[in-house]
Amino acid sequence: GETEHQGIELNYSLDIIQNLTLGGNVGWHRQRISEHDRQSFIDKVIPNQRTWDISNSLSYKYDSWNTSLEYLRQTGGYYEISNGNPIPVRSQVNIRLAYSQHNYAVTLETNNLTNNRVSDFDRYPVPGRNYSTKITVKW
């Protein structure tokens, strides 16, 4: 079989005020089966591919501190080739706080605050809300 892929992706970064930045990207994708041995699959959406991918981040930096709030959203798509099982919307919020000084850094993160557990693959487990701490030392 053969497939067709169309899309557009826009990236942006805007310095709102000193040390405060809004950035992200928006992508639209159209991925279809154009030729297939089974006629019923022609013009169907390729499985596990999203139509919209949106990522936005608001970051603030001051001295050795850096914090960010991120919003991710994915919509569209199907789990299988017959397009009968749509993928639910993934909507996720993450926060991050980091401190760095000379040769070390400490980062605290909370990912998926919304506890949205949508997978790109049907019945594939994904993490819900999770927390992490990262300590980096360079020598």
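Modeller: Let us begin with burial: a residue is called buried under 20% relative accessible area, exposed over 50%, and partly exposed in between, using a 1.4 Å probe and protein chains only. This is a predicted model, in which local features need pLDDT of at least 70 and side-chain atom pairs count only at pLDDT 80 or more, while totals for chains, interfaces and linings use all residues. Residues are numbered from 1 along each chain as its sequence is written, and side-chain values use heavy atoms, leaving out hydrogens and water.

Colleague: Is Arg50 buried or exposed?

Modeller: Arg50 is buried, because its relative accessible area is 6%.

Colleague: What is a salt bridge, and how many are there by this rule?

Modeller: Side chains of opposite charge can pair when their charged atoms come close. The rule asks for a side-chain nitrogen of Lys or Arg within 4 Å of a carboxyl oxygen of Asp or Glu, and by it the count comes to four salt bridges. One of them joins Asp120 to Arg50, with the closest N and O atoms 3.6 Å apart.

Colleague: Which residues are linked with Asp120 in a network of salt bridges?

Modeller: The network links Arg50, Arg90 and Asp120, for Asp120 also meets Arg90 in a salt bridge at 3.7 Å, N to O. Arg90 is buried at 15% relative accessible area, whereas Asp120, at 23%, is partly exposed.

Colleague: Which side chain does Glu109 meet in a salt bridge?

Modeller: Glu109 meets the side chain of Arg96, again at 3.7 Å, N to O. Glu109 counts as partly exposed at 25% relative accessibility, and Arg96 counts as partly exposed at 30%.
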